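Below is a short note for a colleague who is new to this structure. The points are numbered and can be read alongside the model.

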Amino acid sequence: MRVSAFFLFLSSIVPCSSMASVSSTQKPQLSYFNIRGLAETTRILLALGGQDYEDVRFDLLPGKMESPAFNEAKENGILKINLNRAPILTTEDGVSIGQSKAIERYLARRMGLMGTNDVEEALVDCITEHCRDVSDAKRQKNFSAFAKDRSDEEKAQSKKEWFEEEMPVMLTKINDVVKETGSDGFAVGNKASLADVVIFSLLKDCYDLDETTTASKSCDALNAIVDSVGQNQGVAEW
């Protein structure tokens, strides 16, 4: 599969980028840990757009959140543009871009997934930020396996509150928004956008899939968007 021309000439348009000693690559390279995490929305975007790229993954040590490959990349200055964090997108011209949301928006613009005009672009941003609010609210409930200083009973109670009470309320509000901003199967306008991919990631590409599906069962517009993205051949194969 050939690399799309949308990756060319980005050094003149991407403010958060670096040319620092990165050699030219044959195709774009996305570097992140070998988990979903902060890079999965970008991976789904690339799948939706049918874009070929090198999927570099830093393996984690068994049972630990440690990665020798990540440490090596950090020591070699590869992660400097993202303050020694991942993910990093390196273009075919050797330009590095940090910050997951900056990467997502950059790719979405280059693939025509940020709406058809300035207003639609702002609405795409609006809806993606709504989804980020949901993710942030879930994180604040602090019931993940990595949560410290909380008993299993406390985590279970917080998880129950989130999926049975709080998440359904937030999703219903977003559902009402996309009914105004989009059309059947699309969050904004009448074509696919970054907002659709972010909604898909929030509701389908998640660790608590069964609970999330139950929490969103009454959100007809959101579920139509999830179905539309999931039916894309690239995403389905991913």
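Which residues in α6 meet which residues in α8?

1. On the α6 side they are Asp196, Val197, Ile199, Phe200 and Leu203, and on the α8 side Leu222, Ile225, Val226, Val229 and Gly230. Sorted by class, this contact holds eight nonpolar residues, one polar and one charged. Please keep in mind that the model is predicted.

2. As for geometry, helix α6 spans residues 194–203 and helix α8 spans residues 220–230; their axes come within 9 Å and cross at roughly 100°. An angle of 65 to 115 degrees counts as roughly perpendicular, and α6 and α8 are therefore roughly perpendicular to each other.

3. Leucine 203 deserves a separate look. Apart from neighbours within four places in sequence, leucine 203 is in contact with Met167, Leu171, Leu209, Thr212, Ser216, Leu222 and Val226.

4. The largest nonpolar core has 54 residues. Those that touch the most other members are Leu107, Met167, Val178, Ala187, Ile199, Leu203 and Leu222. Helix α6 supplies the largest share of this core, with eight residues.

5. Turning to helix α3 (residues 100–110), its buried residues are Ser100, Ile103, Glu104, Arg105, Tyr106, Leu107 and Ala108. Their cover includes α1 (40–49), β4 (88–90), β5 (96–98), α4 (118–141) and α6. After α3 comes glycine 112, which has a positive phi, near 70°.

6. The crossing in which α1 passes α3 is left-handed.

7. In that contact, α1 contributes Thr41, Thr42, Leu45 and Leu46, while α3 contributes Ser100, Ile103, Glu104 and Leu107. By class, the residues of the contact of α1 with α3 are four nonpolar, three polar and one charged.

8. For the overall layout, the protein has nine helices and five strands. Along the sequence they follow the pattern β-β-α-β-α-β-β-α-α-α-α-α-α-α. The protein has 238 residues, of which 43% count as buried. Among contacts between residues at least 6 apart in sequence, 66% join residues at least 24 apart.

Notes:
Residues numbered from 1 in each chain as written. Predicted model: local features only at pLDDT ≥ 70, side-chain atom pairs only at ≥ 80, totals over all residues. Heavy atoms only, no water. Axes fitted to C-alpha atoms, helices over the stretch in contact; angles between N-to-C directions. Helix = DSSP H or I, 4+ residues; strand = E, 2+ residues; numbered from the N terminus. Parallel < 35°, antiparallel > 145°, perpendicular 65-115°, else oblique. Contact = heavy atoms within 4.5 Å. Nonpolar A, V, L, I, M, F, W, Y, C, P; charged D, E, K, R; others polar. Core = buried A, V, L, I, M, F, W, Y, C linked by side-chain atoms within 4.5 Å. Buried < 20%, exposed > 50% of the residue type's maximum accessible area, 1.4 Å probe, protein only. Left-handed = near helix turned anticlockwise from the far one by under 90°.
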